[in-house]
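Dear colleague,

Please find below the structure I am handing over to you, followed by an account of what was found in it.

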Amino acid sequence: YFSKIAAPPYRYNEMLGYIVRESHYHYLQSDEVALMAGSFFFLDKDNKSLIGECIKRSGLSPDEWIENYTKNVILPLYHLQLTHGVGLVAHGQNIVVKLKNYVPNGVFLKDFQGDLRLAKDPRFHFPPSLSTIKQLPPEYLIHDLITGHFITTWRFISPLLESENIITEKKCYQTMAKIIHQYLENHHPTILKTKNHPLNLMREKWEKVILNKVRFTIGYQDSEMRPTPLTGNELLNPLYQN
């Protein structure tokens with residue numbers, strides 16, 4: 001009924017609906033498990049993190065474990081954006097990490113609803129069936145990964161690993177940056193050639209994305225369009241390597 005009203009508040013078009021999820025369990029082998037990325041910084045009664053325990057049980061060195069995480073979780077999401085123009089908001093609840101013998105070896109995407117966007121770029125051609133999915137400039141879409149995953153997930157994981165004397169934050173991000181650099185060299189070398197390319201995960205600074213402040217600016221009245229986040233001061237990027 002609300003769809004028949006001219007310019008209805010966006011909230012009312014989202015009130016009734018359903019999500020169909022396919023369980024990931026039947027994709028797992030007997031020696032595999034799947035954990036939400038956001039669960040890795042959970043602590044037990046002895047203040048030991050879940051990710052720290054996974055690293056210890058894997059038999060790998062911490063940097064080897066993080067290399068596997070980067071290759072099997074971060075790079076697939078990055079590749080979707082750069083090669084196919086598909087962005088997924090990669091927050092800790094949406095990204096489910098597949099582990100084999102406690103080592104990351106794959107990724108499941110939990111929600112597409114509201115968390116899937118397409119790049120507004122002439123390089124990508126999407127079928128008409130996807131016309132209702134929001135399109136954003138690629139330099140906006142990349143925040144689904146840098147803000148959605150690194151700032152909301154690894155910002156909490158990396159200091160835990162250092163506090164447990166597993167790996168320093170600096171070494172953690174150096175390891176990730178090495179794998180990302182190799183990927184760009186092999187698949188998107190032009191991004192590396194441009195200093196501070198807007199799609200380079202390793203550029204020196206990133207715009208701070210502000211969500212809650214939007215409401216202080218526009219108020220809480222009903223509006224047809226979903227509010228657009230504001231950007232604040234630039235943040236130093238821990239993946240940046242001199």
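For the helix packing described here, axes are lines fitted to C-alpha atoms over the stretch in contact, and angles run from 0 to 180 degrees between N-to-C directions. Please note that this is a predicted model.

Helix 4 (residues 143-163) packs against helix 5 (residues 169-187) at an angle of about 130 degrees, and their axes are 8 Å apart. Helix 4 is therefore oblique to helix 5. On the side of helix 4, the contact is made by F150, W154, R155, S158, P159 and E162, while helix 5 contributes E169, C172, Y173 and M176. Sorted by class, this contact has six nonpolar, three charged and one polar residues.

Helix 1 (residues 50-58) has I51, G52, C54, I55 and S58 buried. Seen down the axis of helix 1, these buried residues fall within an arc of 160 degrees, so they line one face of the helix. Their cover includes strand 1 (32-36), helix 2 (62-84), strand 4 (103-109) and helix 4. Just after helix 1, G59 takes a positive phi of about 85 degrees.

There is also an open sheet of three strands, in the order 2-5-6, with mixed pairing. Strand 2 (86-88) and strand 6 (135-136) stand at its edges; each has a single partner strand, so one side of each is left without a neighbour in the sheet. Strand 5 (residues 116-119) and strand 6 run parallel and are joined by two bridges. L118 has Q135 of strand 6 as its bridge partner.

Yours sincerely

How values were computed:
Residues are numbered from 1 along each chain as its sequence is written. This is a predicted model: local features need pLDDT of at least 70, side-chain atom pairs count only at pLDDT 80 or more; totals for chains, interfaces and linings use all residues. Side-chain values use heavy atoms; hydrogens and water are left out. Helices (H or I, at least four residues) and strands (E, at least two) are DSSP runs, numbered from the N terminus. Angles under 35 degrees count as roughly parallel, over 145 as roughly antiparallel, 65 to 115 as roughly perpendicular and the rest as oblique. Contact means heavy atoms within 4.5 Å. Ala, Val, Leu, Ile, Met, Phe, Trp, Tyr, Cys and Pro count as nonpolar, Asp, Glu, Lys and Arg as charged, and the others, Gly among them, as polar. Buried means under 20% relative accessible area, exposed over 50%, partly exposed in between (1.4 Å probe, protein chains only). The arc is that of the directions from the helix axis to the C-beta atoms. Two strands pair if DSSP finds at least two bridges between them.
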